[in-house]
Amino acid sequence: MTLLRFLAAHRAEFVGLLLQHLVLVGASTAAAIAIGVPVGILAARRPRLGAPVVWLANVVQTIPSLAMFGFMLPLPIVGGLGARVAIVVLILYALLPIVRTTVAGVRGVERSLVEAGTALGMTPGQLLRQVELPLALPSIVAGIRVAAVIGVGTATIAAAVGAGGLGEYIFRGLSMVDPTVILAGAVPAAALALIVDGLLLAAERGFSRRRGRSVLAIAATAAAILVAAAVWVRASSAGSAIRVGSKNFTEQIILGELLAQEIERDGTRVERRLNLGGTFICDRALRSGDIDLYVEYTGTADAALFKHAVDTDPARVRERVRQAYASAGVTMLPALGFENTFAILVRGDDARRLGLRTIDDAAPHAPRWQAGFGYEFLQRADGYPGLAGRYGLRFGAPPRAMDLSLIYRALAQRQVDLVAGDATSGLIAAYDLVMLEDNRRYFPPYDAVPVARSATLLRHPAVRAAVERLAGRISMADMRLMNQAVDAGRQDPAAVARAFLARLERDRRSKG
């Protein structure tokens, strides 16, 4: 019932994501048919020419889908964020089953029938169209069926690169640790896979009974889907919409909504590309023009993006980051008003029992503890290696790497004993966790600052004005309350952002 209530409350958004998912799968499968069937025919008739293509398709199939999206992001033309790169990846995954079944279908045609057609004076083209393809069609459709079902599942990962689809709910649910939101993406995706499988199974059986004119029907359908997809991709990337991005955790999604809704108040159209991934994906997307702005943290930009030595002076870090961004064509706008530093957390009962107040207090207990850190924290210059060196932390086992959104629950459930979270997380209070003081001042300042492409701000001055209305208006307490409303209160990030902006507006009017 909870899932049904969620879908009913978000029906417009759900329908949009479902349509995006259908277009991703339909377009990629249609393109894979257009490429894979001719390649399969070539491989069946000229094995030496077709073998390298079949081998390449085999290799592609062995690459994990998430890694494939990562490999494609930096590539020119086909790379970047959005539907384009997602469709390219899905095409690559759909090719192998279609090529293989086409080869098997064409080679499986009885030679006596081919010889009879040749004896009747049929050309190779006539033999292919009138004898081989109709007989191979059930096998080819079986391959298309496998490719389409694989595509439905793989397309859920496309949300990580801003392509939308039902995976948007799955990634959002993981960020919010909300099973209902995860199910809102997973259940329809599974149902869609079963429906596609059933429809194509019926088509496969129908073609087995009626082996004529079906090739033309499939080709016409694939062409129509390709044209529709091309129009959709072009329409989605065209226009003057401002593309707002965010990283893949609750606070960033809320901040993305705050920026988007404040910009929309002035009548500017906004395209949301939230929940994209970590720092490096968002930065790459900003510099390549796949998004126009998002919220970064000064210490993160200074140490992780621009590779400067860790510095704890807020003014110096802010100025150095501003200059580094400016040289890259990016404008750092005024800070929002709060800092989100890394928080070294332990359970409240452990802190009270052992008298833990600072990270130094925790160091003697580390050999008996299991630590859990996010993937970025394990790698960054301002992350675990430097922290361990500064405080002499020596854990009994290597730290466990896990998604940032799962860290708080893992600590509360005693799966780990010490984690690095966000100081503004609403789950700290909800799970009775204690943030240890950084008494040796290891972490740099992490002021939240919107960063935007300078070219975008020149073309759309209203965007700068809208974002600057938020400057200095979000306190750490505000951010904690908003995070808590989403993470612990299960409220929608867009609704939480809307309520906060309404409160700011009331404050402006009361003072004005």
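Residues are numbered from 1 along each chain as its sequence is written. Because the model is predicted, local features need pLDDT of at least 70 and side-chain atom pairs count only at pLDDT 80 or more, while totals for chains, interfaces and linings use all residues; side-chain values use heavy atoms, leaving out hydrogens and water.

Let's start with the rings. The whole structure holds 11 aromatic pairs (Phe, Tyr or Trp rings, the last by its six-membered ring, with centres within 6.5 Å; planes under 30 degrees apart are stacked, over 60 edge-to-face, the rest tilted). Here are two of them:

| Pair | Centre distance | Plane angle | Type |
|---|---|---|---|
| F6 and Y169 | 5.4 Å | 75° | edge-to-face |
| F342 and F377 | 4.7 Å | 70° | edge-to-face |

F6 sits in helix α1 and Y169 in helix α8, 163 residues apart (helices are DSSP runs of H or I, at least four residues, and strands are runs of E, at least two, numbered from the N terminus). F342 belongs to strand β5 and F377 to helix α17, and both are buried (under 20% relative accessible area, with a 1.4 Å probe and protein chains only). Ring pairs also join F342 and F377 into a cluster that includes Y384.

Y384 brings us to helix α18, where Y384, L387, A388 and Y391 are buried.

Finally, T424 lies in the loop between β8 and α20. T424 has 0% relative accessibility, so it counts as buried.

Technical notes: Buried < 20%, exposed > 50% of the residue type's maximum accessible area, 1.4 Å probe, protein only.
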